[in-house]
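Have the viewer open as you read.

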Amino acid sequence: MPTPDADNGGLFLPDGFRALVVTDSIGPTRHIAVNGNGDIYAKLRIPNGDKGNVALRDTNEDGKADIIQRFGNYRNDGTFATEMRIHKDYLYFSSELVIYRQKLTANKLIPEGVPEILLVDQYPIRWHNAKSLAFDEQDNMYVTFSAPTNVCEDWYSVPENTVANVKGKMPCPELKGLAGIWKFDANKLDQRQSDGQLYATGVRSVVAMSWNSEDHSLYAVNHGRDYLNTHAPDHFSAWQNAVLPAEEFIKIKEGDDYGWPYSYFDPFKNKRMLAPEYNGDGSQEVTDFTDPIMGLPAHWAPNDLLFYKGDQFPKRYQQGAFIAFHGSTNRTPYPQAGYIVAFIPFINGAPVGTWEVFADGFTGVDTVFQMPDAQFRPMGLSEGPDGSLYISESRNGKIWRILFLEEKDHFTDQHLIGMECRKSRSYLKIPNEKLDDLSYKKPSL
């Protein structure tokens, strides 16, 4: 077991957990994958050029990467290139428009040969274009085709340069080929979207998606819509704009419809509500769509989801869900929020209780007035062969490794008290509706 950093790499963790920095700055990083021998693969967020992947190896077992090598003989396109997965000895990764894979060879850090093309997205590059992946036990590959708009707005319904009272297109044309998750053959090359099967629809934007081998089900965390106040100022306040709607933690069955763009999920009412662009005023429940298994805080941008399979961590973490929250960008005049790795306990394939703060300290500041104030933005999660948890961030490409170094059987709820207290921080608590708390007022210059 490597020696953790004295300051845990700047992170705050539950008692008994320690951290070390594997690498400090490999470049803006999206998702990561850790191989069975401990090698790490990271997907860079670069808009063009080649060599968009990074391979890292620790040769002296101190936990620090001492070989760091760029690779990837493929064309990058767009900054939402996101995925990095290992499935059955293949390294799968994506640009915005293409999903690739390369064969991993034992003891070789860099995959050999030219990347194989599994899937090409024939739509032009657009917003929310990440190609997130998950794999089941039957070699099916699940791929996100997210919606490029916020709520399928019909901008011809309002005067030019006006956003208030905009209507939504009915029916929404984006639902024909976007705003959903498709299922493909994980081993078939040169596929197009028409080769796949629509698995679920009404999903605005999913970057965090994972197959849970415990209950053999697909899970994701959907980014909720924005701009309730600016689109419908007569019905929603600026405060409601900051705390609504939920980011939706969803368990996906084939044929599910999660209601985008016609609805949103209210985490306070625990109900799905009619969207204002479709004549909702915040009081009308809709029951035609699938509900999430849990509503999570608004605008926190969940960007990775991992079900813990190892046994290094205490029993309460086994089979539970870790979620990396990239952090909000548009809650002004309230502080931005999120920027943590959370944990949700699971028992028998269902979440128990609510979310917990697992890893904090990424912001580097007490109050995030604007997104650039945050020093780091948690992005990717992966589990190492010894049960360590790896976390990447998207600003500089720092990667942490989380270890548990005490007796697992001695871990109790008392070890969580310090992390529960962190929920009082401005980027984790529900903001004061009246905006009269001094902690929410940006100092004058």
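Predicted model: local features only at pLDDT ≥ 70, side-chain atom pairs only at ≥ 80, totals over all residues.

Residues are numbered from 1 along each chain as its sequence is written, and side-chain values use heavy atoms, with hydrogens and water left out.

**Around Thr149**
- Thr149 lies in the loop between β11 (140-145) and β12 (153-154); strands are DSSP runs of E, at least two residues, numbered from the N terminus.
- Its relative accessibility is 23%, so Thr149 counts as partly exposed (buried is under 20% relative accessible area, exposed over 50%, partly exposed in between, with a 1.4 Å probe and protein chains only).
- Beyond its neighbours within four places in sequence, Thr149 is in contact with His128, Glu174, Arg204 and Trp260 (heavy atoms within 4.5 Å).
- His128 is 21 residues away along the chain, with 8.2 Å between the two C-alpha atoms.

**Aromatic pairs**
- The model has 39 aromatic pairs (Phe, Tyr and six-membered Trp rings with centres within 6.5 Å; planes under 30 degrees apart are stacked, over 60 edge-to-face, the rest tilted).
- Phe145 and Phe184 have ring centres 6.5 Å apart and planes at 40°, so this pair is tilted.
- Phe145 in strand β11 and Phe184 in strand β14 (residues 180-185) are 39 residues apart, and both are buried.
- Trp300 and Phe325 pair edge-to-face, at 5.3 Å and 85°, and both are buried.

Terms used: Helix = DSSP H or I, 4+ residues; strand = E, 2+ residues; numbered from the N terminus.
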